[in-house]
Amino acid sequence: MFTLPILAIVGLFVFVLITTILRRYKRCPSDRVLVVYGKVGGGSARCIHGGAAFIWPVFQDYAFLDLTPNSIEVNLTSALSRQNIRVDVPSRFTVGISTETGVMENAAERLLGLSKDSVHDLAKDIIFGQLRLVVAMMDIEEINSNRDKFLANVASNVEAELKKIGLKLINVNVTDIKDESGYIEALGKEAAAKAINDAKKMVAEKNRDGSIGEAHAHQDQRVKVADAQAMAVEGENLAKIKVANSDAARRQREAEALKLATASEKVQLAKSLEEAYAAEQEAESARAERDRATQNANIVIPAQINKEKVEITAEAEAEVVRRKARGDADAILFKRQAEAQGLFEVLTKQAQGLEQIVKAAGNNSRDAVLLLIVDKLPELVRLQTEAIKNIKIDKITVWDSGSGNSADGKNSTSNFISGLYKSVPPLQEIFNMAGMELPDYLRGKTEAELKKMAEEAKVKTVEVSPEPEKGEGKDKK
């Protein structure tokens with residue numbers, strides 16, 4: 001009796017367990033992303049796309065993210081381009097939640113629980129900022145003409161930012177781009193004008209090709225007509241040529257027969273002339289050789305002899321000049337060497353004499369100078385007297401007051417003569433005029449005083465000059 005309730009309870013438990021397990025096993029549709037959050041073993045959530053997962057009760061829970069694309073209209077106005085021109089860029093972006101691994105987790109973290117309008121507004125704000133940034137980095141020409149580059153820049157910038165919140169950029173559609181200054185419109189007008197001009201150019205080229213084709217057709221017609229006429233004329237000419245060839249062949253044979261006869265006569269005449277000319281040539285060659293030998297003997301050989309003679313004479317004269325110059329140079333060299341040797345000997349002897357004089361004066365330079373001056377004193381006095389010796393005085397007029405002798409006992413005539421003699425330069429002036437300076441101890445000395453000083457120097461010299469003998473030097477001195 002108790003077995004049936006127990007079995008019923010166990011069966012109920014098993015049924016409840018299976019029902020619970022089936023209810024917690026969630027399958028993910030292809031248009032959604034299953035987000036399992038709670039205790040998922042690492043990370044804040046686990047995202048599943050195209051599969052199923054068991055949701056543990058109490059510890060885990062789940063939610064779905066809708067993958068339906070969201071179309072966002074972005075009417076960007078007054079965006080500043082790189083050329084500082086305001087541009088309007090109306091566009092439409094299609095975005096949706098990404099199924100890429102890593103990006104789905106961003107969507108689970110940032111978009112789970114948000115409404116579709118909130119996701120729309122969030123994506124629109126991101127697209128506005130990135131679109132304005134792309135426009136600021138490009139020129140208007142690139143935005144307008146190179147749409148692929150513009151869309152690639154927009155896609156790369158916008159998608160990178162959308163991935164941060166888990167979204168994916170599906171499509172970008174940019175409509176007409178306008179600017180405030182009308183620059184793009186001007187570019188369009190320029191392109192339209194260029195297209196019209198190109199079309200006109202193509203029409204003109206086609207007309208030109210038609211005219212050229214028509215002219216070629218007329219040309220072909222005229223060429224073919226001319227060819228037909230030429231063929232007819234050619235037939236007539238061929239007939240005439242055959243007749244002319246026949247006549248020419250006849251005349252040729254007649255001419256050949258005449259030529260053979262004439263040639264035979266000319267050959268015989270030429271042979272005879274050739275033999276005569278050969279004989280004359282040999283005679284002329286012999287005569288020319290004889291004249292050449294005569295001219296060589298009479299002109300060339302004497303000229304060569306004279307040339308060699310002149311060369312030998314010139315060489316001999318040059319050798320004489322060289323030897324004479326060498327002799328003169330040697331003589332001058334020997335003369336200068338002899339003069340230098342003599343001067344060296346004289347200066348050497350003078351130096352030795354001066355050295356002996358200084359030694360004789362007891363190595364006293366003052367006494368040595370006195371000895372030299374005394375030795376030359378007569379010559380100096382003679383030079384002083386010769387200063388007025390050659391003065392020619394034709395007439396002397398002496399004015400005398402008639403009062404007799406002057407206070408010093410001399411009359412005017414004697415005063416004139418003594419004054420004339422006093423005009424002779426003294427010894428010190430003679431040294432100055434010679435470029436020498438008289439020693440201080442000889443300045444202002446008269447001739448008598450100089451003689452007296454010289455005598456004293458001689459006495460000292462005599463006393464000093466004998467060398468004392470060994471052992472008695474001090475006593476003798």
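A crossing of two helices is left-handed if the near helix is turned anticlockwise from the far one by less than a right angle, and right-handed if it is turned clockwise. I keep that wording at the head of these entries for the helix pair below.

**Ground rules.** I am reading a predicted model, in which local features need pLDDT of at least 70 and side-chain atom pairs count only at pLDDT 80 or more, while totals for chains, interfaces and linings use all residues. Residues are numbered from 1 along each chain as its sequence is written, and side-chain values use heavy atoms, with hydrogens and water left out.

**The chain as a whole.** I looked up the secondary structure and found eleven helices and nine strands in the protein chain, where helices (H or I, at least four residues) and strands (E, at least two) are DSSP runs numbered from the N terminus. Of the 477 residues, 18% are buried; buried means under 20% relative accessible area, exposed over 50%, and partly exposed in between, with a 1.4 Å probe and protein chains only. Taking contacts (heavy atoms within 4.5 Å) between residues at least 6 apart in sequence, I note that 65% join residues at least 24 apart.

**Helices α3 and α5.** I next looked at helix α3, residues 116–136, and helix α5, residues 147–163, whose axes come within 9 Å and cross at roughly 140°. That angle makes α3 oblique to α5, since angles under 35 degrees count as roughly parallel, over 145 as roughly antiparallel, 65 to 115 as roughly perpendicular and the rest as oblique. The axes are lines fitted to C-alpha atoms, for helices over the stretch in contact, and the angles run from 0 to 180 degrees between N-to-C directions. The crossing of α3 and α5 is right-handed. Among the residues that make the contact are Ala123, Ile126 and Gln130 of α3, and Phe150, Asn153 and Val158 of α5.

I then picked out glutamine 130, which lies in helix α3 and counts as buried because its relative accessibility is 15%. Leaving aside neighbours within four places in sequence, glutamine 130 is in contact with Asn157, Val158 and Glu161.

**The three-stranded sheet.** I traced an open sheet of three strands in the order β3-β2-β5, with antiparallel pairing; two strands pair if DSSP finds at least two bridges between them. Strands β3 (45–48) and β5 (60–66) stand at the edges, each with a single partner strand, so one side of each is left without a neighbour in the sheet. The twist averages 25° from one strand to the next. Strand β2, residues 32–38, is joined to β5 by seven bridges, and glycine 38 has glutamine 60 of β5 as its bridge partner. Helix α2, residues 103–110, packs on this sheet and touches β2, β3 and β5, its direction making about 120° with that of β3.

**Valine 103.** Which residues does valine 103 touch, not counting those up to four places away in sequence? I found Ser98, Lys163, Gly166 and Leu167. Valine 103 lies in helix α2 and counts as buried because its relative accessibility is 8%. Its C-alpha atom is separated by 6.1 Å from that of lysine 163, 60 residues apart along the chain.

**Arginine 92.** My last entry concerns arginine 92 in strand β7, residues 86–97, which counts as partly exposed because its relative accessibility is 36%. The C-alpha atoms of arginine 92 and valine 174, 82 residues apart along the chain, are separated by 6.5 Å.
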